[in-house]
Amino acid sequence: MDSGQKTENIIRVENLAVAYGDRIVLDDVNLQVRRGETMVIVGGSGCGKSTLLRHMIGLHRPESGRIYIKGRDITSLDEEKLSEILRKVGVVFQSSALFNSISVGDNVALPLREHTRLEESTIQIMTKIKLDMVGLSGYEEYMPSELSGGMRKRAAFARAISMDPEILYCDEPSAGLDPIVAAGLDQLILKLKKALKMTIVVVTHEMASMYTIADRVIMLHGGKVIFSGTLEEFKNCSHERVRQFIERRPEEYGEDEIGRYARALTSNSF
Amino acid sequence: MAEELSYQRHGLFQTFFGWFGRKGLEFLERMYFIYHLILDSLYWTFVAPVIGKGLRVGSSFDEMVKVGVNAIPIVVLISFSIGLILAMQSAYQLEQFGATIFTADLVAVAQTRELGPLMTAIIVAGRSGSGIAAEIGTMKVGEEIEALQSMGFNPIKFLVVPKLLALAIMLPCLTVISDFVGIAGGFSIAVFSLDLGFARYLNRTILALVFKDMITGLIKSGVFAILIGLTGCYMGFMVEGGAEGVGRRTTQSVVVSIFLIILADAFFTSLFYYLW
């Protein structure tokens, strides 16, 4: 809206808490994402980062807490209003989540066909432009199953940006891809951000990817935010968990714990 | 091992009631989901198009081709065989009374009132019910359902309603085809093997059939269509844990929909028998 408002918080999460049964997944999470920045959410497996992302897209409603996108609380909106907001939000899922029954071109064109009243010829051109942007020009007629993993990810990016979103969410963009393809995707994220001036939120546990794309970093551990700051601050952070994460040190198990586990095993089997 | 530990810690009673409570909650949750599935489907089929939220007509027609038109060969084949079998079996009994001509009555009435709707529903449950469960299940596993939601699309409108509409329209149509072909099957036995004569058999068939036979059959097939569609969609949405989950739910969708079809058949047949 107002380009002068550089520090406007486009996404705000307040006191978000989520539990599945007895298991607390997110515990009092607070975070802000500023317009135009790339925020990377890192953390180990099972730290709740995917759950956080799912709530930020409005796929789930939290037990408590509020999530604001462009100042509107998406946790209390009805489906129609939420759908309106989601048109300005693009999501790249971990498994790409392309619709396998339709071609790549149709995948990219689907949001345009459903949400806008554009001419079919205009939609074709826009689809082509989006596919060009992600380096998949000429792949309109291919089916998703005919593409490699990296190309599917790129197609998912093309679909996510088809409505020119203001916010782009990426769930583990480099999961399951080789380092070269993953590095290519990092470059793609940087390029898209520059070209489309989007706010980008990336969930990942790839340190290399984070160093390349992040403006600011949030680290989750055990459902809590244990670090929030710029990339520089993250590198110099002295928090024990953060250091362990950066230095790739394994979890330390005490001598007695292993002994107890071994005893439990042997006593059960006889 | 976790179960063993909780048993040791809490004692038998708590474990038992804990299990009971968890299963009960799970059951209620599922009932709530089914309730929502039905309610939302009704909304997106009947209310939403009226207030301008649209109906996916194109994909409804695609589905109609898939569940209806493509099923015609197998429905014809099976119904014709059923007609043959029915005619031979009834002739075998009726011969004893010298009443072979009543084969016409038996075939026509049994086919239109019972076997036409039932066999067609079972074929479609096996063909399309499982297909629906597998399609939605695979989409769920591949995060495609979530992708739909994240683009602001309603999965019920996008996936469920076109399939339900297609089934509700095409299953009765298939049933009509099945009725005719089944009777034709009986015809061929009667004319070529029982020497009943073409005109005589046709006359007898027309005399035997009343409008109500056809209508009750079609009402039943409409109900079967909804049961097949809802079961398939429900099983699809319930899929968890990858390809194995898809396989399990697909199988379940066929078993459960055939069970529900028979149950509904019993209910409606008794309704028509005693009340109409």
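How many residues does the contact take from chain A, and how many from chain B?

1. The contact takes 15 residues from chain A and 11 from chain B; two residues are in contact if their C-beta atoms, placed from the backbone, lie within 7 Å. On the side of chain A that touches chain B, the elements giving two or more residues are α2 (79-86) and α3 of chain A. By class, that side has eight nonpolar, four polar and three charged residues. Ala, Val, Leu, Ile, Met, Phe, Trp, Tyr, Cys and Pro count as nonpolar, Asp, Glu, Lys and Arg as charged, and the others, Gly among them, as polar.

2. This is a predicted model: local features need pLDDT of at least 70, side-chain atom pairs count only at pLDDT 80 or more, and totals for chains, interfaces and linings use all residues. Residues are numbered from 1 along each chain as its sequence is written, with chains lettered from A and ligands numbered from 1 in the order in which they are written.

3. Chain A holds 10 helices and 10 strands; these are DSSP runs numbered from the N terminus (helices H or I, at least four residues; strands E, at least two). The C-alpha atoms of chain A fill a box of roughly 70 × 40 × 35 Å along the principal axes.

4. Six strands of chain A form an open sheet of mixed pairing, in the order β6-β7-β8-β3-β9-β10; strands pair if DSSP finds at least two bridges between them. Its edge strands are β6 (89-92) and β10 (224-230) of chain A, each pairing on one side only. From one strand to the next, the twist averages 15°.

5. Within the sheet, β7 (residues 167-171) and β8 (residues 199-203) of chain A run parallel and are joined by five bridges. A:Tyr169 stands opposite A:Val201 in β8(A). Helix α5 (residues 149-160) of chain A packs on the sheet, touching β6 and β7 of chain A, and its direction makes about 170° with that of β6(A). Axes are lines fitted to C-alpha atoms, for helices over the stretch in contact, and angles run from 0 to 180 degrees between N-to-C directions.

6. The axes of α3 (residues 104-115) and α4 (residues 120-133) of chain A come within 9 Å and cross at roughly 125°. That makes α3(A) oblique to α4(A), since angles under 35 degrees count as roughly parallel, over 145 as roughly antiparallel, 65 to 115 as roughly perpendicular and the rest as oblique. Residues meeting there include A:Val108 and A:Leu112 in α3(A), and A:Ile123 and A:Met126 in α4(A). By class, this contact has six nonpolar, two polar and two charged residues.
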